[in-house]
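Q: Please take a close look at one part of this model, the sheet and the helices around it. A connected account, with the cut-offs behind each term, would be appreciated.

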Amino acid sequence: VAGTALADATDRALELARPEKGGPIPGEGHAIVLTDGFPYVGETDPQKIVARVSASARDTTLTTIAFGEELDGPLLASMAQAGLGRFLHLGEKDDAPT
């Protein structure tokens with residue numbers, strides 16, 4: 001199946017970034033999600049995706065980075081806000097800061 005599994009990938013990124021020892025400490029874990037599209041596979045409801053990010057924000061923050069022009073910018077911005085992180089929209093992959 002082709003498509004972007006944004007919610008599942010975000011969940012996994014947040015899980016991997018979660019602090020392992022000493023319990024969750026706010027701001028200690030941070031995940032970055034890179035995407036060039038819309039959520040097409042798995043959970044696709046924007047409100048549910050943002051709620052999932054918000055539930056993880058107490059121990060892991062999230063930054064979203066989008067490439068290209070065909071994407072759901074409002075969703076990615078909401079995800080970053082819920083994850084206490086930042087949203088960056090870059091035009092093309094070559095526009096990424098070094």
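Which residue in S3 is the bridge partner of phenylalanine 67?

A: The bridge partner of phenylalanine 67 in S3 is leucine 90. The model is a predicted one, in which local features need pLDDT of at least 70 and side-chain atom pairs count only at pLDDT 80 or more, while totals for chains, interfaces and linings use all residues. Residues are numbered from 1 along each chain as its sequence is written, and side-chain values use heavy atoms, with hydrogens and water left out.

Three strands, in the order S1-S2-S3, make up an open sheet with parallel pairing; strands (E, at least two residues) and helices (H or I, at least four) are DSSP runs numbered from the N terminus, and two strands pair if DSSP finds at least two bridges between them. S1 and strand S3 (87–90) stand at the edges with a single partner strand each, so one side of each has no neighbour in the sheet. From one strand to the next, the twist averages 15 degrees; axes are lines fitted to C-alpha atoms, for helices over the stretch in contact, and angles between N-to-C directions run from 0 to 180 degrees.

S2 and S3 pair in the parallel sense over four bridges. H3 packs on the sheet and touches S1, S2 and S3, its direction making about 160 degrees with that of S2; contact here means heavy atoms within 4.5 Å. On the other pairing, seven bridges join strand S1 (residues 29–35) to S2, and these two strands also run parallel. There, glycine 29 has threonine 60 of S2 as its bridge partner.

Strand S2 (residues 60–67) is mostly covered, with eight of its eight residues buried, that is, under 20% relative accessible area, where over 50% is exposed and values in between are partly exposed (1.4 Å probe, protein chains only). Thr60, Leu62, Thr64 and Ala66 lie on one side, and Thr61, Thr63, Ile65 and Phe67 on the other. Threonine 60 counts as buried because its relative accessibility is 0%. Not counting residues up to four places away in sequence, threonine 60 touches Gly29, His30 and Ala31, among others, as well as Leu14 and Gly83.

In helix H3, alanine 77 is partly exposed, since its relative accessible area is 29%. Beyond residues up to four places away in sequence, alanine 77 touches Thr64 and Phe87.

The axes of helix H2 (residues 46–56) and helix H3 (residues 73–82) come within 8 Å and cross at roughly 25 degrees. That angle makes H2 roughly parallel to H3, a description for angles under 35 degrees. The residues that meet are Pro46, Ile49, Val50, Val53 and Ser54 in H2 and Leu75, Ser78, Met79 and Ala82 in H3. By class, this contact has seven nonpolar, two polar and no charged residues; Ala, Val, Leu, Ile, Met, Phe, Trp, Tyr, Cys and Pro count as nonpolar, Asp, Glu, Lys and Arg as charged, and the others, Gly among them, as polar.

Within H2, valine 53 is buried because its relative accessible area is 2%. Leaving aside neighbours within four places in sequence, its contacts include Leu62, Met79 and Ala82, together with Gly83. The C-alpha atoms of valine 53 and glycine 83 are separated by 5.7 Å, although these residues are 30 residues apart along the chain.

Key
Angles under 35 degrees count as roughly parallel, over 145 as roughly antiparallel, 65 to 115 as roughly perpendicular and the rest as oblique.
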